[in-house]
Amino acid sequence: MQIIMGKDIADQISDKYIVLELDTVLVEGQPVPAYAVLDAGSIPLGEMQDIPTWTEHHNKLMENYRKKNWDFCEQMIDHCQGRWGGELNSFYTEIYARVQGLKQQTLPEDWDGILVQ
């Protein structure tokens, strides 16, 4: 898996690669989304027909993460783990650990999931 920063770059390559939004980070005070770039060649041929479903599930995971819907996130992470030829397993493990910590906190109403470095 390669990681790129910025929606413009992601849009430019999305017709050639699988591009999935990961986190958004603050760069010089501006939110910049990070994306995983996957080569379809790393996905077993028999699983290619599942890519649209996996993409939808991944996107729903990230959407619900920003909404603080922790139960949904835990279930979807479990479902997504092992997909994408294993390319995103480390991301799903990291976000699961993050969810475990975040659900123990009282987050402000305007929390948006943006990572502050």
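H3 and H4 cross with a left-handed sense. The model is predicted. H3 covers residues 70-80 and H4 covers residues 89-102. Their axes lie 10 Å apart, at an angle of about 160°. The two helices are therefore roughly antiparallel, as the angle is over 145 degrees.

From H3, the contact takes in Trp70, Cys73, Glu74, Ile77 and Cys80. H4 meets them with Tyr92, Ile95, Tyr96, Val99, Gln100 and Leu102. By class, this contact of H3 with H4 holds nine nonpolar residues, one polar and one charged.

H2 spans residues 51-66. It packs against H4 and also against H3. The table sets out the geometry of each pair.

| Pair | Angle | Axis separation | Crossing |
|---|---|---|---|
| H3 and H4 | about 160° | 10 Å | left-handed |
| H2 and H4 | about 25° | 12 Å | left-handed |
| H2 and H3 | about 155° | 9 Å | left-handed |

Take H2 and H4 next. Their angle is about 25°. That makes H2 roughly parallel to H4, since the angle is under 35 degrees. On the H2 side, the contact residues are His58, Leu61, Met62 and Tyr65. On the H4 side, they are Phe91, Tyr92, Ile95, Arg98, Val99 and Leu102. The contact of H2 with H4 divides into eight nonpolar residues, one polar and one charged.

H2 and H3 pack at about 155°. They are therefore roughly antiparallel to each other. H2 brings His57, His58, Lys60, Leu61, Asn64 and Tyr65 to this contact. H3 brings Trp70, Phe72, Cys73, Met76, Ile77, His79 and Cys80. Here the classes are eight nonpolar, four polar and one charged.

### What H3 buries

Which residues of H3 are buried? They are Trp70, Cys73, Glu74, Met76, Ile77 and Cys80. H2 and H4 are among the elements that cover them. Just after H3, Gly82 adopts a positive phi of about 90°.

Cys73 has 0% relative accessibility, so it counts as buried. Cys80 is buried too, at 2%. A disulfide needs the two sulfur atoms within 2.5 Å. The count of disulfides comes to zero.

Glu74 sits in helix H3. Is Glu74 buried or exposed? Its relative accessible area is 17%, so Glu74 is buried, the limit being under 20%. Beyond its neighbours within four places in sequence, Glu74 is in contact with Tyr96, Val99, Gln100 and Lys103.

Arg98 belongs to helix H4. With a relative accessible area of 15%, Arg98 is buried as well. What does Arg98 touch, residues up to four places away in sequence not counted? Its contacts are Asp23, Tyr65 and Leu115. Tyr65 is part of H2, and both Tyr65 and Arg98 are listed in the contact of H2 with H4.

Gln2 is found in strand E1, which runs over residues 2-5. Gln2 has a relative accessible area of 57% and is exposed. Setting aside neighbours within four places in sequence, Gln2 contacts Tyr35, Ala36 and Val37. Asp71 is 69 residues from Gln2 along the chain. The C-alpha atoms of Gln2 and Asp71 are separated by 28 Å.

Definitions and conventions:
Residues are numbered from 1 along each chain as its sequence is written. This is a predicted model: local features need pLDDT of at least 70, side-chain atom pairs count only at pLDDT 80 or more; totals for chains, interfaces and linings use all residues. Side-chain values use heavy atoms; hydrogens and water are left out. Axes are lines fitted to C-alpha atoms, for helices over the stretch in contact, and angles run from 0 to 180 degrees between N-to-C directions. Helices (H or I, at least four residues) and strands (E, at least two) are DSSP runs, numbered from the N terminus. Angles under 35 degrees count as roughly parallel, over 145 as roughly antiparallel, 65 to 115 as roughly perpendicular and the rest as oblique. A crossing is left-handed if the near helix is turned anticlockwise from the far one by less than a right angle, and right-handed if clockwise. Contact means heavy atoms within 4.5 Å. Ala, Val, Leu, Ile, Met, Phe, Trp, Tyr, Cys and Pro count as nonpolar, Asp, Glu, Lys and Arg as charged, and the others, Gly among them, as polar. Buried means under 20% relative accessible area, exposed over 50%, partly exposed in between (1.4 Å probe, protein chains only).
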